[in-house]
Amino acid sequence: MTVSRLLPTAAPAPVHEHAWVTESVHATSEGRIRYVRCVTCVARRVDLDPPAIAPASALSREIGGARPSSPVG
C-alpha cells in the first residue's frame with residue numbers, strides 16, 4: 001500500500017503595504033526598467049516605466065496654405 005505524503009505548505013506571508021525602493025534603473029527601447037525591492041519584506045519585482053509622450057514634431061514641410069508674395073520689381 002502506498003501512502004501519499006503531502007509537503008507542508010509555507011506559512012502565508014504577512015499582508016502589508018510594500019515600501020518599494022529602486023535598486024537600479026536601465027533605459028530600454030520600451031522605457032525605463034526599474035529593479036525594486038520592498039524595504040519591509042525584501043520582496044523584489046521589475047517595473048517598466050513607459051517612455052514619456054513627447055510633443056509631435058513635423059516630419060514634412062507645410063503643404064498648401066498661403067504662399068509668400070513675390071517681390072515687385
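In strand β2, R34 is the bridge partner of V25. This is one pairing from a predicted model, and it is a handy place to start looking around. Strand β2 covers residues 31-38, and it pairs with β1 in the antiparallel sense over 8 bridges. Another of the facing positions is T28, which stands opposite G31 in β2. The two strands are joined by a hairpin that passes through 2 residues.

Now let's step back to the whole sheet. It is an open sheet of 3 strands in the order β1-β2-β3, with antiparallel pairing. The edges are taken by β1 (20-28) and β3 (44-49); each has a single partner strand, so one side of each is left without a neighbour in the sheet. Direction ignored, neighbouring strands of this sheet are turned by 25° against each other on average.

Next come the charged side chains. The structure holds 6 salt bridges.

| Salt bridge | N to O distance |
|---|---|
| R37 and E23 | 2.8 Å |
| R32 and D49 | 3.0 Å |
| R34 and D49 | 2.8 Å |

Take R37 and E23 to begin with. Their side chains meet in a salt bridge, and the pair links distant parts of the chain, with R37 in strand β2 and E23 in strand β1, 14 residues apart. Are these two residues buried or exposed? R37 is partly exposed, with a relative accessible area of 26%. E23 also counts as partly exposed, because its relative accessibility is 40% and the partly exposed class lies between under 20% for buried and over 50% for exposed.

R32 counts as partly exposed at 43% relative accessibility. D49 also meets the side chain of R34 in a salt bridge. Since R34 lies in strand β2 and D49 in strand β3, this pair ties together parts that are 15 residues apart in sequence.

Which residues are linked in a network of salt bridges? They are R32, R34, R45, D47 and D49.

How values were computed. Residues numbered from 1 in each chain as written. Predicted model: local features only at pLDDT ≥ 70, side-chain atom pairs only at ≥ 80, totals over all residues. Heavy atoms only, no water. Pairing = 2+ DSSP bridges. Helix = DSSP H or I, 4+ residues; strand = E, 2+ residues; numbered from the N terminus. Axes fitted to C-alpha atoms, helices over the stretch in contact; angles between N-to-C directions. Salt bridge = Lys/Arg side-chain N within 4 Å of Asp/Glu carboxyl O. Buried < 20%, exposed > 50% of the residue type's maximum accessible area, 1.4 Å probe, protein only.
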